[in-house]
Amino acid sequence: MLAQRFVAAVVLMASTAAATIYYAGVAESGGEFGVYSSSATVGTGLPGRFGVDYQFINEATVDVYVDQNHINLFRVAFLLERMCPLATGLGSTFNETYYSEFASAVNYITVTKGAYCILDPHNYMRYNNPSQQPTTGSIIGDTTDSKAATTAQFAAFWGELAGRFASNEKVIFGLMNEPHDMDTNLILTNDQAAVNAIRAAGANQLILAPGNGYTGGHSWTQDYTGNSPASSAVMYMITDPKNNLAFDIHEYLDSDFSGSHSVCSQTAAANLAPLTSWLQQYGFKAMITEFGGANGTQCDSYITGIIDYMAQNDVYIGWSAWAAGPLWGSYSACCANSEQWGSLEPGSTASDGSPGMYTTVWLDEIQPLLPSTLQKTGISSVNGGGGVVSSSSSATGTTTKTTSTSSPSATPTGVPMWGQCGGIGYTGSTVCASGTCTYSNPWYSQCL
């Protein structure tokens, strides 16, 4: 099987000379652990104990993936309520102990090992109660919820974090893990505020922006309750003055796209086609930062299919599989029907002692398809190869965004409610269609 997969990979690489997979690797899950409460009690597990309740990486794991598996990307999860304590709220005041632990993990990946690292606030566009993620906590920017953190606070958080990592060219800013069940316009507003704050902090690295519906690729063009408007109808309006932004996409292969079932039944080519066409239409790129499948052979062709699909379509610039992590033990991060089949952590074993998913999924299914021409040096970029990114206003740096006459467009009479209307680096309208343009901080004013 491995020999057949290697041959297939060689043929694929030969037939896709224009492939643009610059980054490939694995997600590291653990920094967000230790806060679950059956009664949804606010504050459970906060701030938590490093190495007991939460841990970001195992350095030996990073060594294996970089030195033996030759990946160049890790996606490291953290929790906003630990980084920004509830006592001070979301913003620029950090728990410096938690931050230093996180920074040590990021620096080990990027400085010691020379790989790239996505910073992943694993919060579902919510803040203040992660005790039953993904459903608990107030939606960031929801002006109808008096307990909710504001868009301005979200921008202040990203301005602070980006400023601290501005000199580390191998960092990638993942704005938020899996927003869901909220107004997609608010996701755009929050994303744009974060982009502006990151650039105002002097950080030029790659930014990954999510959409709605758990940022699912299959649902990017769909409009339904909790996922309205469709991400495709809104997210094309995002802008980046440094021209170094891509969309953050998740795509699981089971029946409901949740990644909780062991049987794969959804093919990437069919489900990602509308998203791919949208990316091409508007000149954007994307990275699939979560996907996965079960051990065994049933999911084999589906995992091969999604990796091949990304390699064959140049709007995709990278991927990370879900998930490794130092605290998983025999539990499975993905695709196991709640069975204990291990994780993508090297050395992981199933509860019965058999090889875990690092062996049965990563080594057997994913490793043979790892691109051989991954980016090794330079600033994280949608273009690959590093170097200084352009300061033009287009979102991708290589393609000018175009709008068809049938596509939705920004409201010509002014900025909608919740929208940004001012701030450092902002170049849009300062007139509110609804509400008043209200100053929040130097990076952000909002129609309220």
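Figure 1. Phe 173 counts as buried because its relative accessibility is 0%. Buried means under 20% relative accessible area, exposed means over 50%, and partly exposed lies in between (1.4 Å probe, protein chains only). Trp 158 also counts as buried, at 0% relative accessibility. The ring centres of Trp 158 and Phe 173 are 5.8 Å apart and the planes stand at 75°, so the pair is edge-to-face. Trp 158 belongs to helix α5 (residues 151–165) and Phe 173 to strand β6 (residues 171–174), so the pair ties together parts 15 residues apart in sequence. Rings of Phe, Tyr and Trp (its six-membered ring) pair if their centres lie within 6.5 Å; planes under 30 degrees apart count as stacked, over 60 as edge-to-face, and the rest as tilted. Helices (H or I, at least four residues) and strands (E, at least two) are DSSP runs, numbered from the N terminus. This is a predicted model: local features need pLDDT of at least 70, side-chain atom pairs count only at pLDDT 80 or more, and totals for chains, interfaces and linings use all residues. Residues are numbered from 1 along each chain as its sequence is written, and side-chain values use heavy atoms, with hydrogens and water left out.

**Figure 2. Ring pairs elsewhere in the chain.** The count comes to 29 aromatic pairs. In one of them, Phe 33 and Trp 328 have ring centres 5.1 Å apart and planes at 85°, so this pair is edge-to-face. Phe 33 sits in the loop between β1 and α2, Trp 328 in the loop between β12 (316–324) and α11; they are 295 residues apart. Both Phe 33 and Trp 328 are buried. Ring pairs also build a cluster, whose members include Phe 50, Tyr 54, Tyr 98, Phe 102, Trp 158 and Phe 173.

**Figure 3. The largest nonpolar core around Phe 247.** This core has 108 residues, and Phe 247 and Tyr 316 touch the most other members. Helix α4 (residues 96–112) gives the core its largest share, eight residues. A nonpolar core is a set of buried Ala, Val, Leu, Ile, Met, Phe, Trp, Tyr and Cys residues joined through side-chain atoms within 4.5 Å. Which residues does Phe 247 contact, leaving aside neighbours within four places in sequence? They include Ala 209, Trp 220, Trp 278, Phe 284 and Met 287. Contact means heavy atoms within 4.5 Å.

**Figure 4. Helix α11 and the largest cavity.** Helix α11 (residues 357–366) is mostly covered, with seven of its ten residues buried. Among the buried ones are Met 357, Val 361, Trp 362 and Ile 366. The largest cavity has a volume of about 60 Å³. Its lining has 13 residues; Gly 293, Trp 322, Leu 344, Met 357 and Val 361 lie nearest its centre. Helix α11 supplies the largest share of this lining, three residues. By class, the lining holds nine nonpolar, four polar and no charged residues. Ala, Val, Leu, Ile, Met, Phe, Trp, Tyr, Cys and Pro count as nonpolar, Asp, Glu, Lys and Arg as charged, and the others, Gly among them, as polar. On a 1 Å grid over the protein atoms alone, a cavity is a set of points where a 1.4 Å probe fits but cannot get out, and a pocket is an open set with protein on both sides within 12 Å along at least five of seven lines; lining residues have an atom within 4 Å of a point. Grid points are joined across faces, edges and corners, and a volume is the space filled by probe spheres set on the points.

Figure 5. The largest pocket holds about 1000 Å³ of space. It is lined by 45 residues, and Tyr 124, Gln 133, Pro 134, Glu 178 and Ser 258 lie nearest its centre. The lining divides into 17 nonpolar, 21 polar and seven charged residues. A cis peptide bond joins Gln 133 and Pro 134, with omega about 10°. Pro 134 lies in the loop between β4 (126–127) and β5 (138–139). The second largest cavity, of about 40 Å³, has Tyr 124, Gln 133 and Pro 134 among its lining residues.
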